[in-house]
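Colleague: I would like to learn how to read the strands and the cores of a model like this one. Could we begin with the terms and then turn to the case itself?

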Amino acid sequence: MSHLLSALKTLPVARMHGRLKRMSGLVLEATGCRLATGERCLVEGENNLQVEAEVVGFNGDRHFLMPLTNPTGLRPGDRVKPLSDECDIPVGDGLLGRVIDGLGNPLDRGPAINGEKHIRLHADPINPMNRQPISTPLDVGVRSINGLLTVGKGQRMGLFAGSGVGKSVLMGMMTRNTAADITIVGLIGERGREVKEFIEQTLCNGGLERALVIAAPADSSPVMRLRAAQLCHRIAEHFRDEGKDVLLLMDSLTRYAQAQREIALSVGEPPTSKGYPPSVFALIPKLVERAGNGAEGSGSITAFYTVLTEGDDLQDPVVDAARSVLDGHIVLNRELADSGHYPAIDITTSISRTLPQITTEQHQQGIQQFRTMYARYQQLKELVSIGAYQKGADLQMDQAMEFHPQLQGYLQQGMFEQVDSNSSIQQLSSIFNGEAVQQEAVVQNSTATQS
């Protein structure tokens, strides 16, 4: 009886609830209840209508709510009831192979997810002094990335691309071919039809077996899109804390920023650069800093964020903000995509900032030689195409022309072709008939074995 009596003491004497007073656009205004920002509540209408909402701001005694689902059917005076606790998210190996929404509910018509544990959506950030440095490369199964833009475990990369240049295909290749233990794919704010297409066409041939897909399409509420992006990172953090290497692919960071823009403008925050309010540029680093390496003994989260370059504009404010907080970026070029060059990675404008820490000097020399020749050819290719260049005028250009077919072949890869790190480095070496770079494959293989 003692534990029952102690439980009675924690029960509230009365439950406070408020009333819905106003709806403007997607923002609901409620009064008469005590709510904190970020807290969830339930708006109860007639005919058993229930709309879940989240507090996004307040003004005096008025609370601004943003619904997570369709608010059709609400009326003035409807009851607003706080939800007692933040929702628990089931996590565990039962999530692998599933498709869920931003609340953790199944979207694949499968059974309810029974996780081994339950976690909360929000977690304390890691002390930066406790993070392990990036020291080991991660094999993503894409030759041009493994060989020329080597990514380390715990690195955060941006995938800058316009629409229709192959970013979804590249994400699918990495999901199927990566050496990471688990892959988490976040489809945030994209077209609804792309969710099923990505799973059935891009992730086919076993791509979903070690993956979890979290989807919040464009017709979802902005709060749901924000929660889906946060859920991607929270589940990734759980698996990282269990000692696993996680590959996190989020498409896209731009839609995440646009969702926050919708919320911020609705509650009266002033717009600044290109209509984005200041809170957008404060949230982006908070989100991406959740990825990376954990403390000693834990695993890693290697993250790729797609960033939409509207009109192929690399000076967009979201692009600038992402470039400043990420550990490198991969640019997909529309001209390459239009010419049938896939993946359409523009190697001259792409960079991995941690590459010197995870590769040997011999490998870096091979990369520099490749970049030099490729860039030289790009500078004078128009002269070559019209026959204005005479062989012998520039020794470096002559070498670039000689090696260009091999450089092009190295950068291209079939959608279902897998090239591991060792093969990528060996093929890079074979282009120039060098022996020094070949040793890198052995070094990386031994490093991965030791780790």
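Modeller: Two strands are taken to pair if DSSP finds at least two bridges between them. Please keep in mind that this is a predicted model.

Colleague: How many bridges join strand 3 to strand 6, and which way do the two run?

Modeller: In general, strands of a sheet pair through backbone hydrogen bonds, either parallel or antiparallel. Here strand 3 (residues 40–44) and strand 6 (residues 79–82) run antiparallel and are joined by four bridges, with Val43 standing opposite Val80 of strand 6.

Colleague: In what order do the six strands close into a barrel?

Modeller: The order is 1-2-5-4-3-6, with antiparallel pairing, and neighbouring strands of this sheet are turned against each other by 45° on average, direction ignored.

Colleague: Is Glu29 buried or exposed?

Modeller: Glu29, which lies in strand 2 (residues 27–31), counts as buried because its relative accessibility is 11%, and the cut-off for buried is under 20%. Its side chain makes a polar contact of 3.2 Å with the side chain of Arg62.

Colleague: Which residues have the most contacts inside the largest nonpolar core?

Modeller: In soluble globular proteins, nonpolar side chains tend to be buried together. The largest nonpolar core has 54 residues, and those with the most contacts inside it are Ile145, Met174, Phe304, Ile330 and Phe370. This core draws at least three residues from each of domain 2 (89–358) and domain 3 (360–411). Leaving aside neighbours within four places in sequence, Ile330 is in contact with residues including Ile145, Leu149, Phe160 and Phe304. A second, separate core of 53 residues includes Met224, Ala259, Ala303 and Val318.

Terms used: Residues numbered from 1 in each chain as written. Predicted model: local features only at pLDDT ≥ 70, side-chain atom pairs only at ≥ 80, totals over all residues. Heavy atoms only, no water. Core = buried A, V, L, I, M, F, W, Y, C linked by side-chain atoms within 4.5 Å. Buried < 20%, exposed > 50% of the residue type's maximum accessible area, 1.4 Å probe, protein only. Domains from an automatic or database assignment. Contact = heavy atoms within 4.5 Å. Axes fitted to C-alpha atoms, helices over the stretch in contact; angles between N-to-C directions. Polar contact = N/O pair within 3.5 Å; in protein donor to acceptor, adjacent residues only side chain to side chain.
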